[in-house]
Amino acid sequence: MGSTSFRSPPNHQAEGVPYFTPANNAGAAVNPQDPSTPTLFRPLQIRDVTLKNRVIVAPMCMYSTESDPTSPAVGALTDFHIAHLGHFATKGAGLVFIEATSVQPNGRISPNDSGLWQDGTDSEQFKGLRRVVNFAHSQGAKIGIQLAHAGRKASTVAPWLASQAKQRGIKADESVGGWPSDVVGPSGGEEQIWAPGDQFWPPRELETAEVEEIVRAFARSAALAAQAGVDVIEIHGAHGYLLHQFLSPVTNRRTDKYGGSFENRTRFLCEVAAAIRAVVPSGMPLFLRISATDWLDNQTVAAETGSWDVPSSIQLAKLLPDLGIDFLDVSSGGNHKSQRIEPHTNYQIDLAGQIRQEIRAANHTTLVGAVGFITEAHSARDIVQGAEEEARATEAILSGSKPQADAVLMARQFLREPEWVLMAAKKLDVKVSLPWQFTRGLL
């Protein structure tokens, strides 16, 4: 490399950044069409966006933005986020998701969460997002953003503070930028507090007009994200946050058009998806993260009303093509204190596989992502192997091995091992491109 001229590929200036970095594209298989290349390192096209591999960095809240509600930089991504997310982009992830980003000020989990509710491209929130997007693109990664509203789980402090106090949560009051009087949910009152004790605020019930305004807020944030150059948008409908709260009859006791029947409880999500799809480019992929189940089967709290469960998720999954949703990101739990989960290595992967099988049986092509306890290269390979084409998948099924997902999402493993993609390629004997600046250490 030392004898390479300045006009050669390693010294080609990346676009979109005001400083020199070669245009990297780490983590892309050198020969993706080679039959020996595992599906994990084959490209995945979703509408007009092509991921160079099927490894996705899942959204991870960092609780590291400005919390002062009077500051123009409140909720804006910072240099920390460029360093944090940019490291995954540099080290080869096909798609990197920005953390759950609230569409309204009171939708943040904590006062230090990111947001995208400020109008205009001159806002600090927009400019912070644009800088993260531009850096990720300069390194050859696609960048996504998860749009969210925390609902009744909002206005808490950073989780490490709660952990030090040996609590599930600590309420954030006005002295630290919280909003105790504006924590909201589909239903309200003390009985709707997320966790026992004095750790979370009781929500107030949203008015119908307020729900409709949140739908518009999701659309405004999505339009801004598209303007900032984001490649993928994900709707956060999981983990007991607002959209999940509406889906589940345990937390949704409403009597208006957003409560009661399955159709009514899914109406909010359907409206959010339609509103986003209407304002983003037709070629932009739209993802949805759900909790496949509340994990409340046979629990007393669900005996009267029922809960959100796997059959509910399958029913919802079959609606997604008409909503313009291309990819279903399957997680679970987080909606009720009485949940009973017995985690094991494949517990959420099995859920993703079951839902994907039902989607294919209905002749739908919605893509499915698996997440949870994915740490090893060989297990990630096996989850998606054969998913790149249905004919090959059929052969795999006949041979006793069927794909459980079309891509894998990982979060904590990337905190432990930011170079996971490059190390996985080495373990699977796949030759991939490297970031030019690191070649002397990674060869």
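Colleague: How do you know how far to trust this model?
Modeller: It is a predicted model, so confidence comes from pLDDT, a score from 0 to 100. The protein averages 92, and 94% of the residues score at least 70.

Colleague: Where does the pLDDT fall below 50?
Modeller: Over residues 1–8, a stretch that has six contacts beyond near neighbours in sequence. Residues 391–400 are also below 50, with 10 such contacts in the model. Where pLDDT is low, predicted coordinates should not be read in detail.

Colleague: What makes the radius of gyration agree with a compact globule?
Modeller: The rule takes 2.2 Å times the number of residues to the power 0.38. For 443 residues that gives a value near 22 Å, and the protein has 22 Å, so the two agree. The C-alpha trace spans about 70 × 55 × 45 Å along its principal axes.

Colleague: What is called buried here, and how many residues count?
Modeller: Buried means under 20% relative accessible area. By that cut-off, 59% of the 443 residues are buried.

Colleague: How do you know which contacts join residues at least 24 apart?
Modeller: A contact needs heavy atoms within 4.5 Å. Among contacts between residues at least 6 apart in sequence, 73% join residues at least 24 apart.

Colleague: How many charged side chains are there, positive and negative?
Modeller: There are 40 positive and 47 negative ones. The centres of the two sets lie 5 Å apart.

Conventions: Residues numbered from 1 in each chain as written. Predicted model: local features only at pLDDT ≥ 70, side-chain atom pairs only at ≥ 80, totals over all residues. Heavy atoms only, no water. Buried < 20%, exposed > 50% of the residue type's maximum accessible area, 1.4 Å probe, protein only. Lys, Arg positive; Asp, Glu negative; His and termini not counted. Charge placed at Lys NZ, Arg CZ, Asp CG, Glu CD. pLDDT = per-residue confidence, 0-100.
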